[in-house]
Amino acid sequence: MDISLPTGISANPEDLRVLVEGVDQLLTDYQIKDGHVILQLNSIPSDEFLCVRFRIFELFQVGFLSPATFMVYEYHRPDKRCTMFYSPSDAKLQKVCEGATCKCVEADCGQMQTELDLTISADTRKETACKPDIAYAYKVRITSITEENVFIKYTATLLDIYKAGEAVVEKVSEITFIKKATCANADLEKGRQYLIMGKEALQIKYNFSFKYIYPLDSSTWIEYWPTDTTCPSCSAFLANLNEFADDIFLNGCENP
């Protein structure tokens with residue numbers, strides 16, 4: 001196996017040594033050379049899963065990691081090979097930074113609710129907002145969109161707070177949402193309003209205060225909140241949204 005490592009990444013040689021010298025002797029030999037990890041095995045089964053696990057570490061930070069290669073070939077017949085690309089951007093965890101401070105965030109993709117879906121009831125929204133793993137429920141307006149490394153950042157104005165998590169925020173304050181740039185099913189639009197409910201924000205120390213960043217991941221509820229009442233289904237849909245808002249404002253979560 002010849003594994004090309006992304007720029008700025010190296011393998012942990014101690015883990016590889018254990019794979020050679022350990023009881024299982026999964027590897028017969030290994031080599032770390034010129035950004036590649038070369039692993040020698042007696043055989044690779046074709047009918048079962050084979051996992052060769054070793055840790056990697058960051059030598060230096062790189063803004064954008066390009067796809068790397070993973071190649072399997074026969075030692076005495078290197079022309080007989082199978083090669084595939086893998087992208088570090090598809091990793092489950094990604095690092096988001098403000099200044100010199102960074103936090104890891106799950107980088108799975110969120111899902112936008114179907115626009116103007118009249119089958120979603122006010123009770124369904126409230127049940128979602130009151131789930132234990134949902135920390136906040138906000139009505140927001142997107143004011144700007146920027147792309148930074150593997151993330152897209154949405155700056156928003158906080159219009160209403162239906163449920164507040166640990167983040168210290170107030171109405172009309174500016175907050176930030178992020179999503180992985182490759183996630184195409186949760187595209188927010190500048191100028192539009194949304195109901196967004198999700199888990200706790202990332203708290204990042206920034207200068208002498210804290211900045212809160214909200215990941216748009218698979219646990220996030222994202223729903224368009226229209227401002228146009230003239231379209232045929234908008235009035236009924238807005239009435240449904242307002243019923244949810246009034247109920248949670250007045251009664252909160254009865255069973256938090």
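Predicted model: local features only at pLDDT ≥ 70, side-chain atom pairs only at ≥ 80, totals over all residues.
Me: Is Leu 116 buried, partly exposed or exposed?
Reply: The relative accessibility of Leu 116 is 22%. Buried would mean under 20% and exposed over 50%, so at 22% Leu 116 counts as partly exposed.

Me: What is the phi of Leu 116?
Reply: Most residues other than glycine have a negative phi. Leu 116, although a residue other than glycine, has a positive value, near 55 degrees.

Me: Which helices give two or more residues to the patch of negative charge on the surface?
Reply: The patch gathers Asp 123, Glu 127, Glu 243 and Asp 246. Among them, Glu 127 has its place in helix H2 and counts as exposed because its relative accessibility is 56%. The elements that give two or more residues to this negative patch are helix H2 (122–129) and helix H3 (234–251).

Me: What accessible area do Phe 57, Leu 59 and Phe 60 have together?
Reply: Leu 59 lies in the loop between strand S5 (56–58) and strand S6 (68–74), and it is exposed, with a relative accessible area of 53%. With Phe 57 and Phe 60, Leu 59 forms a nonpolar patch on the surface. Together these residues have an accessible area of about 310 Å².

Me: How many bridges join strand S11 (residues 136–148) to strand S14 (residues 193–198)?
Reply: The strands S11 and S14 run antiparallel, and Lys 139 stands opposite Leu 195 in S14. The number of bridges that join S11 to S14 is 6.

Me: Which residue in the turn of the hairpin formed by S11 and S12 has a positive phi?
Reply: S11 pairs with strand S12 (residues 151–163) in the antiparallel sense over 11 bridges, and the bridge partner of Glu 148 in S12 is Phe 151. The hairpin leaves 2 residues between the strands. In that turn, the residue with a positive phi of about 55 degrees is Asn 149.

Note on methods:
Residues numbered from 1 in each chain as written. Heavy atoms only, no water. Patch = residues over 30% accessible without salt bridge, like charges linked within 9 Å, V, L, I, M, F, W, Y side chains within 5 Å. Areas by Shrake-Rupley, 256 points an atom, 1.4 Å probe, with all protein chains shown as cover. Salt bridge = Lys/Arg side-chain N within 4 Å of Asp/Glu carboxyl O. Lys, Arg positive; Asp, Glu negative; His and termini not counted. Charge placed at Lys NZ, Arg CZ, Asp CG, Glu CD. Helix = DSSP H or I, 4+ residues; strand = E, 2+ residues; numbered from the N terminus. Buried < 20%, exposed > 50% of the residue type's maximum accessible area, 1.4 Å probe, protein only. Pairing = 2+ DSSP bridges.
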